[in-house]
Amino acid sequence: MHVSERLLQLYAELDASTRNTIQASIKQNLGDGKPLSVSYEELTGKTSNTLPTEEKSAADFTAWIKDGKKDTTFLPYYVALLENGDATVKKAVPEIEATPPDEDGTVPEDDTTEAREPVLKQRYMPEAPVPSRAERAKYQRAIEPARPKKKSGAKWLGALALIGLLIGGGYIGYPYVSALFEPSEQAEEVAAPTEEAEPVAETPAVTEVWLTEKNVSLLSEPNGDNVTYIGDIGDRYDVLEERDDHLLLDLGIDEMTAWAPVASTTTEWKSFTLSDQQVLNFLERGVDQIYLDRASVDEYLAFSEAELYELLGQPFGRDADALNDYSFYTGIFFVIQDEAVHAIDWTNTPTTKEAFRQLGTPVYETEDAIVFESPKYSLRMFVGANGTSTRIRVTEI
């Protein structure tokens, strides 16, 4: 099972007070910084060779929690401590107290913070004044004196010589000029048409893709380590750019983008193979009905976050990442996006992969995931690492 999927299950199993206690112990233990493997040994009394040895501080951990748990360095360390939730904290470093407020109740500002004055853009001024029209006239060339007039006799001699040349030239050149208007005895050769090269068909640019693996790490940079969001098989995204065997995807929320490996995507996606009623019929028998007696699947998927809490009460567990919020109840959690219910996930369902496949022909299938679709719904099963535990999700397309 992927470590991020294990984190979701632990949030469904542990209550908020237990998680808060573990987070407080982590902050006290990390203090100004220590290797995560050493911190785990001090907090649980156990050793683990799989945890990172990179040094992290309490401030790094607090920032990681607020940032939606994107950095994968903390993730296995945090999941391992949640799995040992009842372990005794052996050593804890007191938390650093915050700067106390003044007598009037205000917190003193940082001395290094200074107000920045706006920078006024100066108007361009020429280095030298532009001369007036009268001054520019002084730079014009002086007027040269007129040339003396030529004698009129020379004009007549020139004119007579020109007339003589025209008459003589016409007499001599007449045979050549008349030959131009006579039809040629030789047939004109017709040039063969030049064959134009056929245009080469350009490969159309990729405009949309679907993820083809369970838990695809979407990165902030191609071939990077910083995970922006973990997508699921069947998620569809618009493509903005392609670079270094990665595709830049539009995540559809607040202009957020992330890079996905081309190998984890496909441009070909089958049409739906189930009807909407077939999906609803399966959910009436294939998942826990503990909350479906209060509202239908259609009604839940149309709820706002406030309407969900008004019906079911406050969740006993919550989590968040860069894209979604997650509200946990018994055996189920709701994916909240833009303050509205986006998907419903049932954990540890009794339905096996073989029974799920009997619904019909999947739109897409891998060893650990199956996707069915109808005109309105996407119905997905995720198989755990042990091959038996399953999680079922339904969301609107």
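A: A salt bridge here is a side-chain nitrogen of Lys or Arg within 4 Å of a carboxyl oxygen of Asp or Glu. Side chains of opposite charge can pair when their charged atoms come close. The model is predicted, and a search of the whole structure gives twelve salt bridges.

Start with the pair formed by Arg 380 and Asp 235. Their closest N and O atoms are 2.7 Å apart, which is inside the 4 Å cut-off. Arg 380 belongs to strand 16, residues 377-383, whereas Asp 235 sits in the loop between strand 5 (227-231) and strand 6 (236-243), so the pair ties together parts that are 145 residues apart in sequence. Next comes the question of cover. A residue counts as buried when its relative accessible area is under 20%. Arg 380 has 5% and is therefore buried. Asp 235 has 12%, so Asp 235 is buried too.

A second pair joins Glu 42 and Lys 34, whose side chains meet at 2.7 Å, N to O. Both Glu 42 and Lys 34 are buried.

A third pair has another setting. Arg 236 and Asp 238 form a salt bridge with an N to O distance of 2.6 Å. Arg 236 is partly exposed, at 40% relative accessible area, and Asp 238 is partly exposed as well, at 32%. Salt bridges can also share partners: Asp 232, Asp 345, Arg 391 and Arg 393 are joined in this way into one network.

Now turn to the nonpolar side chains. The largest nonpolar core has 44 residues, and Ile 26, Tyr 77 and Leu 218 have the most contacts inside it. Helix 5, residues 74-83, supplies the largest share of this core, with eight residues.

Helix 5 can be checked for cover in the way used for the charged pairs. Eight of its ten residues are buried, so helix 5 is largely enclosed by the rest of the structure. Those buried residues are Phe 74, Leu 75, Tyr 77, Tyr 78, Val 79, Ala 80, Leu 81 and Leu 82.

Leu 160, Ile 163 and Ile 167 form a nonpolar patch on the surface, and together they have about 330 Å² of accessible area. Ile 167 lies in helix 7, residues 152-180. The cut-off for exposed is over 50%, so Ile 167, at 61% relative accessibility, counts as exposed.

Glu 255 is not a glycine, yet its phi is positive, near 55 degrees. Glu 255 is found in the loop between strand 7 (246-250) and strand 8 (257-261), and it is exposed at 77% relative accessibility. Glu 339 also has a positive phi without being a glycine, at about 60 degrees. The loop that holds Glu 339 runs between strand 12 (332-337) and strand 13 (340-346). Glu 339 has a relative accessible area of 62% and is therefore exposed.

For the protein as a whole, the secondary structure comes to eleven helices and 17 strands. Of its 397 residues, 36% count as buried. Among contacts with a separation of 6 or more, 54% are between residues 24 or more positions apart. The accessible surface comes to about 26,600 Å², and carbon and sulfur atoms make up 51% of that area.

A last point concerns confidence. The protein averages a pLDDT of 81, and 71% of the residues score at least 70. Residues 88-98 have a pLDDT below 50, and in the model this stretch has 17 contacts beyond near neighbours in sequence. Residues 109-122 also stay under 50, but here the model has zero contacts beyond four places in sequence. Where pLDDT is low, the predicted coordinates should not be read in detail.

Terms used: Residues numbered from 1 in each chain as written. Predicted model: local features only at pLDDT ≥ 70, side-chain atom pairs only at ≥ 80, totals over all residues. Heavy atoms only, no water. pLDDT = per-residue confidence, 0-100. Contact = heavy atoms within 4.5 Å. Patch = residues over 30% accessible without salt bridge, like charges linked within 9 Å, V, L, I, M, F, W, Y side chains within 5 Å. Areas by Shrake-Rupley, 256 points an atom, 1.4 Å probe, with all protein chains shown as cover. Helix = DSSP H or I, 4+ residues; strand = E, 2+ residues; numbered from the N terminus. Buried < 20%, exposed > 50% of the residue type's maximum accessible area, 1.4 Å probe, protein only. Core = buried A, V, L, I, M, F, W, Y, C linked by side-chain atoms within 4.5 Å.
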